[in-house]
Amino acid sequence: MSSGSSLSPAAGDARGPPDTVPDKVAVNDKKRKAATPVKTTVTKRVRKTATKEEVEIKNGASSAVSAEELTKPITAKTRGRKAKVEQMTVKEEEEIEKGEEKVVVKTKAKTTRKKKQETPIPPLAERTVGSALRIGAHVSAAGGIHNSITNLLHIGANAFALFLKSQRTWKNPDLDPQHAALFMDGCKEHNIAAAECCVPHGSYLVNLAHPDEERKKQAYDAFLDDLTRCHKTGIKYYNFHPGNSAATTREGGIKLIAEAINKAHKDPATGSVMPLLETMATLGNTIGGQFQDIADIIEHVEDKDRVGVCLDTCHVFAAGYDLRTPEAYEKTMTEFDDIIGLKYLKALHVNDSKAPVSSFRDLHARIGTGYLGLRSFHNLVNDKRLHGLPMVLETPIDKKDENGKKFEDKTVWAREIKMLEQLVDMDIECEQFKKWEAELFEEGVGERERIGEQVKKKAEKDTKPKKKRGKKVESEDEAEEDDDE
Ligand SMILES: [Zn+2]
Ligand SMILES: [Zn+2]
């Protein structure tokens, strides 16, 4: 990134999974067809932000090489059915900005039907060719899994995560064959090796460590359904939270998780899809907060060639594994290798942490703005053992506009991707590094202090003898809910 570029956008307070708000930029989203003036306004705002930032990101991408086949915008090609891709032209957007919204919306509906040629939304950043890293983000798949491709291209990602279906319900609707076809066509068209760079995220509801027969079946069915979706769409890895042993023992939970993996492995519908156990931030009943938990699950898996691990930098840090200095980083990775085995490491979630080390809080922060800090990520991306593994950002991108309305600022991811790529081989004594480090550290100061205070208060309370039971509940309500990504 050029020295003139700023990495310090106003810190947003919003959290939550990346997928909760439908992506207004999704080119193929059918919902766009019924765009109301309200929706158009949202699109305009997103685009407006993009245009402003676009130039900066592109200018900064000194190492980014534009390759036509990688950067050409996605166009919908369907099998059997006509795909309708709607695009708003720049001219139309300009008109909207002048306040002629109603007129433009009408015009838009007409032109779309007539015009077969699509005008694509230019990406915020182009995908870097030849980077040692394979880095991207957890993008939206609202409207169908194929839309994740559009969203990946938009931020210049070379890896991605997505939810294969709604992550907050138990429904397992059939995978839309048209969406699957569009997804695979999109991968092919843009040279995206889904088997190597796509790591879908499992549903938050699924707990494979539940011993109750009914609950167990429900969880397994959702898990199996996701694995079959991966198999059908050429995806190899599937990341999920190991589970929670609240209804059993740690040992019992670990056995149940391994049992579910073994069962899924034997089902031909899962092909050769590899489930990845995610490292978790919390302790207590959560399984996966310690490397030993993960190792013990793998121990019980019969086909060890078909199980792996996804390391989340925020989670391991919160769980007590430091990454901040080269020595601390090496110690953590050595521990990972000794306890689990580095050969099982197949993917990473790259997040900074709003909470301090050993706080056991799962609160993602933007890269360089949290307690991990930019140096942790310098350590990470310069570890050659990780080069080529899919790295997925789950950093918060929700911001508020001037009217206080929430929106997703995808330029955050576009910039983080380029910055992390450029950290490879970068001297931490150079001006650019120091500038980024200082700006990002400053950006995160408010959130670090706020969460740091919460953690401190809780620690003080935990050391005191428990007297005031009634008060305890009250003060815990003050603490915000952690991310469960
Ligand atoms: Zn998390
Ligand atoms: Zn997760």
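I take helices as DSSP runs (H or I, at least four residues), numbered from the N terminus.

The model is predicted, and local features need pLDDT of at least 70, side-chain atom pairs count only at pLDDT 80 or more, and totals for chains, interfaces and linings use all residues. Residues are numbered from 1 along each chain as its sequence is written.

Entry on α13. I looked up the burial of helix α13 (residues 373-381), counting a residue as buried if 20 or more other C-beta atoms lie within 10 Å of its own. Of its 9 residues, 8 are buried, so α13 is largely enclosed by the rest of the structure. Among them are Leu374, Phe377, His378 and Val381. The buried residues of α13 pack against α11 (313-318), α12 (326-339), α14 (411-423) and α15 (431-443).

Entry on α9 and α10. I found that α9 (residues 250-266) and α10 (residues 291-300) pack at an angle of about 50°, with their axes 8 Å apart. Axes are lines fitted to C-alpha atoms over the stretch in contact, and angles run from 0 to 180 degrees between N-to-C directions. On the α9 side, Ile254, Lys255, Ile257 and Ala258 meet Asp293, Asp296, Ile297 and His300 of α10.

Entry on Ile257. Not counting residues up to four places away in sequence, I list Leu208, Ala209, Pro242, Gly243, Ile287 and Ile297 as touched by Ile257.

Note on methods: Chains lettered and ligands numbered in written order. Contact = placed C-beta atoms within 7 Å. Helix = DSSP H or I, 4+ residues; strand = E, 2+ residues; numbered from the N terminus. Buried ≥ 20, exposed ≤ 12 C-beta atoms within 10 Å, placed from the backbone.
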